[in-house]
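Subject: Structure handover

Hello,

Here is the structure I promised you. Please open it and keep it beside this email while you read.

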Amino acid sequence: MAVSALDSRIFRNLFGTQEIRTAFTDEAYISRLIEVEAALARAESKVGVISEEAGGIITTSLNGITLDYDLLAAQTDIVGYPVLPLVEQLVKGVPQEMAKYIHWGATTQDIMDTASILQLRSGLNIVKRELENLISTLQSLSTRYRDTPMAGRTHLQHALPVTFGYKCAVYLSSIIRHLERLSEIEKRCLLVQFGGAAGTLASLGSGSDDTGIKVRSALAEELSLRDPPITWHATRDTIAEVLNFLALIGGSLGKMAYDIIVMSSNEFGEVSEPFVPHRGASFTMPQKRNPISSEVVLAASKLLRANASLGLDAMVVDFERASGPWHLEWVAVPEAFVLAVGALHQMNFAMGGLVVNTGAMWDSLCSTRGLIVGEAVMMALAPSLGRQEAHDVIYAACTESIEGKKALLEVLREKPEVTAHLSHERLCALCDPSQYLGASQLMVDGMLQEVARSQLVGRSDGDDRH
């Protein structure tokens with residue numbers, strides 16, 4: 001029975017995708033636990049802790065094992081963790097002389113943490129693909145609308161002209177940084193966990209005996225994870241980093257969604273989400289086309305921040321194994337991945353088919369009768385009058401324009417202190433918002449070049465890994 005919007009038959013596809021939900025199902029998690037147990041047996045065979053053939057026999061046996069999930073659930077409710085009841089079922093499917101080696105030298109948290117890391121890796125691969133899709137879309141929008149002027153707004157009011165391509169390139173810059181962060185996380189956070197009861201691997205040797213260290217290294221190699229120099233049972237910064245990374249993605253997507261929501265309002269009408277019959281429809285107001293994807297993304301961004309906070313709470317643990325905070329991760333990690341991938345999927349849909357109304361952008365840009373380029377005129381006057389006096393003159397002109405509902409150019413032409421220094425032609429040019437775009441277009445070009453460079457580096461790194 002679904003009790004959350006994330007797994008609800010009604011709402012789940014708004015907040016996530018089937019692909020990411022499948023990566024975090026019970027079956028997927030148990031499969032990862034079994035994968036770790038099998039890999040541990042192979043690693044210990046390789047190091048010589050158990051018989052040479054045990055690892056292979058155990059792996060083969062576990063590959064075809066059938067589990068009683070009802071029994072596993074009932075026993076997990078009693079034990080508090082799924083590993084012990086799982087191992088009890090696993091040993092029944094392995095030849096008796098080899099079954100005794102399952103879970104050798106490990107503790108429950110070793111298996112659970114490593115299985116979670118395998119799930120994290122799978123989830124991050126999906127996140128990476130969605131980020132790359134969004135980068136491609138934002139590249140196209142930045143290029144197409146590089147020179148399309150629109151009102152830049154601060155505090156929800158006209159500030160200075162920008163281009164829509166510039167706005168998209170700003171979005172793009174944050175998504176590129178997220179892809180860079182993901183690459184760093186893959187190197188820093190995907191750690192194997194193997195420390196035994198209290199993290200010291202004492203059951204596999206003490207003092208100068210490095211058998212346990214060798215097994216940990218072999219286990220990391222079997223699972224293609226990083227081998228850390230020390231156990232991380234009680235240091236949860238890596239998990240918290242992943243959760244906060246997903247929240248950062250949510251923040252960037254939430255900003256984009258917020259912009260789309262406001263820009264798609266009737267008063268602006270500058271953009272709208274792709275039209276699909278009945279999407280965003282109202283039961284009582286047939287004219288409505290609500291920005292549904294952006295609304296869902298905005299909600300997801302807030303939920304992701306809440307899960308990031310849980311990850312930070314889970315870092316504060318007692319001694320060598322947490323007496324409760326660890327459990328927070330069991331809730332936060334799957335939810336965060338579903339929400340992040342769901343938000344990326346929704347934003348890819350919204351931006352991939354975004355309807356851009358360049359006419360409305362121009363109309364809005366001109367709606368304040370030239371006030372948006374007040375700075376341009378002030379800076380042109382400043383060399384003659386000084387910056388402060390130029391500011392005061394243009395401030396007074398803007399006030400007159402607002403109160404008299406007159407174009408700024410019309411007001412300026414009537415001011416001798418302005419016309420004494422600026423010709424009519426010069427004033428007309430200064431009051432044309434399309435001529436005061438600053439370095440918007442150059443910044444778009446720079447951002448696109450940065451993306452191209454990062455993609456080349458990414459391909460090179462990929463070639464190196466192969």
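Leu156 sits in the loop between β1 and β2 (157-163). Helices here are DSSP runs of H or I with at least four residues, strands are runs of E with at least two, and both are numbered from the N terminus. Leu156 has a positive phi of about 65°, although it is not a glycine. At 72% relative accessibility, Leu156 counts as exposed. Buried means under 20% relative accessible area, exposed means over 50%, and partly exposed lies in between (1.4 Å probe, protein chains only).

Leu201 also has a positive phi, about 60°, and is not a glycine. Leu201 lies in the loop between α9 (164-188) and α10. Is Leu201 buried or exposed? At 5% relative accessibility, Leu201 counts as buried.

Two points on the model before you go on. This is a predicted model: local features need pLDDT of at least 70, side-chain atom pairs count only at pLDDT 80 or more, and totals for chains, interfaces and linings use all residues. Residues are numbered from 1 along each chain as its sequence is written, and side-chain values use heavy atoms, with hydrogens and water left out.

Now the salt bridges. The structure holds 20 of them. A salt bridge is a side-chain nitrogen of Lys or Arg within 4 Å of a carboxyl oxygen of Asp or Glu.

- Arg236 and Asp113 meet at 2.9 Å, N to O. Arg236 is in the loop between α10 (211-223) and α11 (237-263), while Asp113 is in helix α8, so this pair links distant parts of the chain, 123 residues apart. Both Arg236 and Asp113 are buried.
- Arg153 bridges to Glu270, with the closest N and O atoms 2.8 Å apart. Arg153 is in strand β1 (residues 149-154) and Glu270 in the loop between α11 and β3 (271-272), 117 residues apart. Arg153 is partly exposed, with a relative accessible area of 25%. Glu270 is buried, at 0% relative accessibility.
- Lys214 and Asp210 meet at 3.6 Å, N to O. Lys214 is partly exposed at 46% relative accessibility. Asp210 is partly exposed too, with a relative accessible area of 36%.
- Glu400, Lys406, Glu414 and Lys415 are linked in a network of salt bridges.

Next, the aromatic rings. How many aromatic pairs does a search of the whole structure find? It finds six. Rings of Phe, Tyr and Trp (its six-membered ring) pair if their centres lie within 6.5 Å; planes under 30 degrees apart count as stacked, over 60 as edge-to-face and the rest as tilted. Phe24 and Phe337 form a stacked pair, 5.2 Å centre to centre with 25° between the planes. Phe24 lies in the loop between α2 (18-23) and α3 (26-47) and Phe337 in helix α13, so the pair ties together parts that are 313 residues apart in sequence. Phe24 is buried, with a relative accessible area of 12%. Phe337 is buried as well, at 0%. Tyr81, Trp326 and Trp330 form one aromatic cluster.

Last, a helix pair. The axes of α8 (residues 108-144) and α13 (residues 326-352) come within 10 Å and cross at roughly 15°. That makes α8 roughly parallel to α13. Angles under 35 degrees count as roughly parallel, over 145 as roughly antiparallel, 65 to 115 as roughly perpendicular and the rest as oblique. Axes are lines fitted to C-alpha atoms, for helices over the stretch in contact, and angles run from 0 to 180 degrees between N-to-C directions.

Best wishes
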